[in-house]
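How do the helices cross, and which residues line the pocket?

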Amino acid sequence: MTEQTRQITVTVNGVAREASVPVRWLLSDVLRHEFGLTGTHVGCEHGVCGACTVLVDGEATRSCLVLAVQVDGHEVTTVEGLSRPDHQGGEVLHPVQEAFRECHALQCGFCTPGFLTTIAAGLDARDPSVPISDDEVDELVGGNLCRCTGYANIKKACHRAAETMREAAR
């Protein structure tokens with residue numbers, strides 16, 4: 001290891017991972033090239049499009065704007081980590097993932113991982129017993145760009161996921 005590389009330990013999707021990375025590598029680079037988690041998409045590389053959004057300690061974060069060394073010791077959740085085990089050998093989708101499927105909220109799919117992680121973080125952070133407003137949905141999806149869908153079904157999926165989470169909280 002030289003001054004140009006650093007050893008990092010990051011918990012990614014619940015698993016502690018170690019890597020020796022160039023100090024200038026972005027979190028998106030490490031996730032995709034070192035850990036093989038290609039669900040994190042890189043679009044604009046300027047933090048504008050939201051395609052690279054992951055959760056760092058539960059907060060939606062543009063992985064193209066964060067150096068990998070900055071997440072040393074932190075927890076990162078990618079789109080691959082949103083689902084959870086069903087304790088029968090399978091997986092249960094996060095309510096946002098299920099709602100995207102039910103509401104046909106994707107077309108080409110490039111922006112989808114960023115929307116899923118962003119919306120999941122937003123819905124997980126709010127009181128699920130309170131119905132979600134159109135303004136809240138607009139705020140949740142407003143920072144991510146989609147060139148295909150026109151956002152109607154993405155917003156519908158956001159409403160559906162919030163309702164599913166509300167029903168589960170009762």
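Helix 2 (residues 95-102) packs against helix 3 (residues 112-125) at an angle of about 130°, and their axes lie 9 Å apart. The model is predicted.

**Helix 2 with helix 3**

- Helix 2 and helix 3 cross in a right-handed sense.
- On the helix 2 side, Val 96, Gln 97 and Phe 100 make the contact.
- Helix 3 contributes Thr 112, Phe 115, Leu 116, Ile 119, Ala 120 and Leu 123.
- By class, the residues of this contact are 7 nonpolar and 2 polar, with no charged residues.

**Helix 2 with helix 5**

- Helix 5 (residues 152-169) packs with helix 2 at an angle of about 135°, the axes being 8 Å apart.
- That angle makes helix 2 oblique to helix 5.
- The crossing of helix 2 with helix 5 is right-handed.
- From helix 2, the contact takes in Pro 95, Val 96, Ala 99, Phe 100 and Glu 102.
- From helix 5, Ile 154, Ala 157, Arg 160, Ala 161, Thr 164 and Met 165 take part.
- The contact of helix 2 with helix 5 comprises 8 nonpolar, 1 polar and 2 charged residues.
- Val 96 and Phe 100 of helix 2 belong to the contact with helix 3 and also to the contact with helix 5.

**Helix 4 with helix 5**

- Helix 4 (residues 134-141) meets helix 5 at an angle of about 115°, with 10 Å between their axes.
- Helix 4 and helix 5 form a right-handed crossing.
- Asp 134, Val 137, Asp 138, Leu 140 and Val 141 are the contact residues of helix 4.
- Their partners on helix 5 are Ile 154, Lys 155, Cys 158 and His 159.
- This contact divides into 5 nonpolar, 1 polar and 3 charged residues.
- Ile 154 of helix 5 takes part in the contact with helix 2 and in the contact with helix 4.

**Largest pocket**

- The largest pocket holds about 150 Å³ of space.
- Its lining includes the cysteines Cys 49, Cys 108, Cys 111, Cys 146 and Cys 148.
- Gly 43, Ala 51, Phe 110, Leu 145 and Arg 147 also line the largest pocket.
- The lining of the largest pocket consists of 8 nonpolar residues, 1 polar residue and 1 charged residue.

Notes:
Residues numbered from 1 in each chain as written. Predicted model: local features only at pLDDT ≥ 70, side-chain atom pairs only at ≥ 80, totals over all residues. Heavy atoms only, no water. 1 Å grid on protein atoms, 1.4 Å probe; cavity = no way out; pocket = protein on both sides within 12 Å on 5 of 7 lines; lining within 4 Å. Points joined across faces, edges and corners; volume = space filled by probe spheres on them. Nonpolar A, V, L, I, M, F, W, Y, C, P; charged D, E, K, R; others polar. Axes fitted to C-alpha atoms, helices over the stretch in contact; angles between N-to-C directions. Helix = DSSP H or I, 4+ residues; strand = E, 2+ residues; numbered from the N terminus. Left-handed = near helix turned anticlockwise from the far one by under 90°. Contact = heavy atoms within 4.5 Å. Parallel < 35°, antiparallel > 145°, perpendicular 65-115°, else oblique.
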